[in-house]
Amino acid sequence: MKSDKVRSKGVLRSIQIFLFSTSYFLLFGCAGSSHPRLVTPSEGPISPRYLEIYSELHAATLHFPAGVYTLNAVDKIGYYYRAPRKIAEHIGTGSLWREGGIFVSKRNPQKLRGYVYRAGTITHVGNFSGVKHRFREQDIPAEF
């Protein structure tokens with residue numbers, strides 16, 4: 001009787017692990033490639049070279065700076081614009097600084113999301129589609 005309970009708990013635990021890992025891969029497996037191809041300066045205009053974001057953006061504990069983001073990479077679903085400086089992730093003891101920027105969908109260029117590099121892969125976060133922004137071909141230096 002006691003061994004049946006132990007066996008049942010083991011089976012239940014195996015099912016939980018399977019469901020968790022399956023959910024994880026379904027959730028994050030469709031978020032583009034983990035290593036998009038870098039865009040070289042010699043490539044023709046596949047997308048505008050710059051994306052200007054007018055105000056700081058937030059997704060949970062991540063803070064994306066306002067400023068000019070530069071086209072850096074592309075994959076099958078979109079374009080990756082690198083932030084003008086690192087993304088701040090606020091944690092209880094301070095901040096972590098992460099590489100990242102703004103992802104723009106190929107299907108709908110008005111669909112913007114944040115992205116950060118975590119554990120060697122890209123994680124898409126937030127929905128920034130409603131933020132004030134503009135695409136442009138030239139980087140205009142800030143006026144002092």
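Student: In this predicted model, which residue is the bridge partner of isoleucine 53 in S5?

Tutor: Isoleucine 53 has glycine 67 as its bridge partner in S5. Two strands count as paired if DSSP finds at least two bridges between them. Here strand S2, residues 50–53, and S5 run antiparallel and are joined by 4 bridges.

Student: Which residue stands opposite arginine 37 in S5?

Tutor: That residue is valine 74. Strand S1, residues 37–38, pairs with S5 over 2 bridges, in the antiparallel sense. Valine 74 also stands opposite tyrosine 79 in S6.

Student: How many bridges pair S5 with S6, and how many residues are in the hairpin that joins them?

Tutor: S5 and strand S6, residues 78–82, share 4 bridges and are antiparallel. The hairpin from S5 to S6 passes through 3 residues.

Student: Which residues touch the most other members of the largest nonpolar core?

Tutor: Leu51, Phe64, Tyr69 and Ile102 do, in a core of 20 residues. Strands that each supply at least two of its residues include S2, S5, S6 and strand S10 (112–118). S5 gives the largest share, 3 residues.

Student: What is phenylalanine 64 in contact with, leaving aside neighbours within four places in sequence?

Tutor: The contacts of phenylalanine 64 include Leu57, Tyr69, Ile87, Ile102, Tyr115, Val125 and Phe128.

Terms used: Residues are numbered from 1 along each chain as its sequence is written. This is a predicted model: local features need pLDDT of at least 70, side-chain atom pairs count only at pLDDT 80 or more; totals for chains, interfaces and linings use all residues. Side-chain values use heavy atoms; hydrogens and water are left out. A nonpolar core is a set of buried Ala, Val, Leu, Ile, Met, Phe, Trp, Tyr and Cys residues joined through side-chain atoms within 4.5 Å. Buried means under 20% relative accessible area, exposed over 50%, partly exposed in between (1.4 Å probe, protein chains only). Contact means heavy atoms within 4.5 Å.
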